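Look at the chains first, then read on.

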Amino acid sequence: MRITLTSVLVDDQEKALRFYTDVLGFVKKTEVPLGEHRWLTVVSPEAPDGVELVLEPDEHPAARPFKAALVADGIPYTAFTVADVHAETERLKALGVRFTQEPLAMGPVTTAVLDDTCGNLIQIASVPAA
Amino acid sequence: MGWTGKCTLAYRSGVGDVFKALADPTRRALLDELQERDGQTLFELCTRLIHRGVGSSRQAVSQHLDVLEQAGLVRRRREGRYTFHSLDTSPLRAITRRWRIDPEEDSCGSP
């Protein structure tokens with residue numbers, strides 16, 4: 001058994017695709033029309049054969065209240081690894097990305113939290129190489 | 001009850017709440033963290049407390065923030081879908097007004 005997919009629940013797949021590619025810098029991996037929605041995944045250009053992120057519609061009635069409650073408390077449900085949180089934060093801010101937590105160093109790990117414009121908070125983290 | 005009476009009651013309950021709020025080490029740690037960086041989400045405050053080694057559950061931290069807010073020491077600010085917490089030290093003025101601090105005397109740090 002292997003982990004090859006993970007998901008974020010997005011309020012609009014097209015908007016999400018733009019944010020996750022144009023802004024965050026991922027690339028589209030698969031796009032399959034499925035009626036009203038699409039099977040839509042992105043990957044990191046640093047790991048094109050790595051874990052795919054599914055941009056999943058948040059249509060289920062429980063999904064949006066769940067997301068809203070997490071956002072209200074500032075909780076990022078999804079996290080990505082970056083080389084340098086400070087540099088990445090500056091780069092994304094220049095692109096207009098809203099951060100709810102500025103870079104915060106906690107021992108060897110530095111984190112920041114941003115809004116993906118699709119109803120989620122995302123944590124970016126840098127961890128020292130093992 | 002006249003205007004003065006109401007004022008006294010408000011003053012008393014206000015100061016009483018500040019003392020109660022400051023009487024807990026986790027709540028003092030929350031004020032320290034907010035002094036270091038103003039305008040934090042509940043998530044960031046919880047993360048910082050864990051790093052300090054005084055982490056509690058999110059619910060417990062939220063309740064501590066309620067007590068601090070009732071004492072006027074913390075302000076919650078809704079901004080769109082987010083909520084940020086800020087430090088407000090103005091209620092502490094009532095304490096030094098009541099027991100004045102000698103301006104000649106140097107402070108001895110924070111116990």
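In this report, buried means under 20% relative accessible area, exposed means over 50%, and partly exposed lies in between, with a 1.4 Å probe and protein chains only. The model is predicted: local features need pLDDT of at least 70, side-chain atom pairs count only at pLDDT 80 or more, and totals for chains, interfaces and linings use all residues. Residues are numbered from 1 along each chain as its sequence is written, chains are lettered from A and ligands numbered from 1 in the order in which they are written, and side-chain values use heavy atoms, without hydrogens and water.

**The two chains**

Helices (H or I, at least four residues) and strands (E, at least two) are DSSP runs, numbered from the N terminus. Chain A has three helices and eight strands. Their order from the N terminus is β-α-β-β-β-α-β-α-β-β-β. Chain B has five helices and two strands. Its pattern along the sequence is α-α-α-α-β-β-α.

Of the 130 residues in chain A, 45% are buried. In chain B, 36% of the 111 residues count as buried. Accessible areas come from the Shrake-Rupley method with a 1.4 Å probe; for residues, only the protein chains shown count as cover. The accessible surface is about 7000 Å² for chain A, with 58% belonging to carbon and sulfur atoms. For chain B it is about 7300 Å², with 51% belonging to those atoms.

Contact means heavy atoms within 4.5 Å. In chain A, 51% of the contacts with a separation of 6 or more are between residues 24 or more positions apart. In chain B, among contacts between residues at least 6 apart, 49% join residues at least 24 apart.

**The hairpin of chain B**

Two strands pair if DSSP finds at least two bridges between them. Strands β1 (residues 74-79) and β2 (residues 82-87) of chain B pair in the antiparallel sense over six bridges. R75(B) has S86(B), in β2(B), as its bridge partner. Two residues sit between the strands of this hairpin, and G80(B) takes a positive phi near 60°.

**Where the chains meet**

Which residues of helix α2 (residues 63-72) of chain A are buried? They are A63(A), K67(A), L70(A), V71(A) and A72(A). Their cover includes β1 (5-10) and β8 (121-126) of chain A, together with β1 and β2 of chain B. After α2(A) comes G74(A), with a positive phi near 80°.

A salt bridge is a side-chain nitrogen of Lys or Arg within 4 Å of a carboxyl oxygen of Asp or Glu. E79(B) forms one with R98(A). E79(B) lies in strand β1 of chain B and R98(A) in the loop between α3 (85-94) and β6 of chain A, so the pair joins two chains. E79(B) is partly exposed, at 29% relative accessible area. R98(A) is also partly exposed, at 32%.

**More charged residues**

Over all chains, the structure holds 23 salt bridges. Three of them are listed here.

| Salt bridge | Closest N and O atoms |
|---|---|
| R18(A) and E14(A) | 3.9 Å |
| R38(A) and E31(A) | 2.4 Å |
| E79(B) and R98(A) | 3.1 Å |

R18(A) and E14(A) both lie in helix α1 (residues 13-23) of chain A, four residues apart, about one turn of the helix. An α-helix has 3.6 residues a turn, so residues three or four places apart point the same way. R18(A) is partly exposed, at 43%, and E14(A) is partly exposed, at 36%. E31(A) is partly exposed too, at 34%.

In chain B, a network of salt bridges links D32(B), E33(B), E36(B), R37(B), E44(B), R48(B) and R52(B).

E52(A) lies in strand β4 (residues 52-57) of chain A. Lys and Arg count as positive and Asp and Glu as negative; His and the chain ends are not counted. E52(A) is buried yet has no salt bridge, and the nearest side chain of opposite charge, K29(A), is 4.7 Å away. Beyond its neighbours within four places in sequence, E52(A) contacts residues including T4(A), T6(A), T30(A) and V43(A).

**On the surface of chain A**

L34(A) is found in strand β2 (residues 27-34) of chain A. L34(A) is exposed, at 53% relative accessible area. A105(A), in strand β6 (residues 99-106) of chain A, is exposed at 52%.
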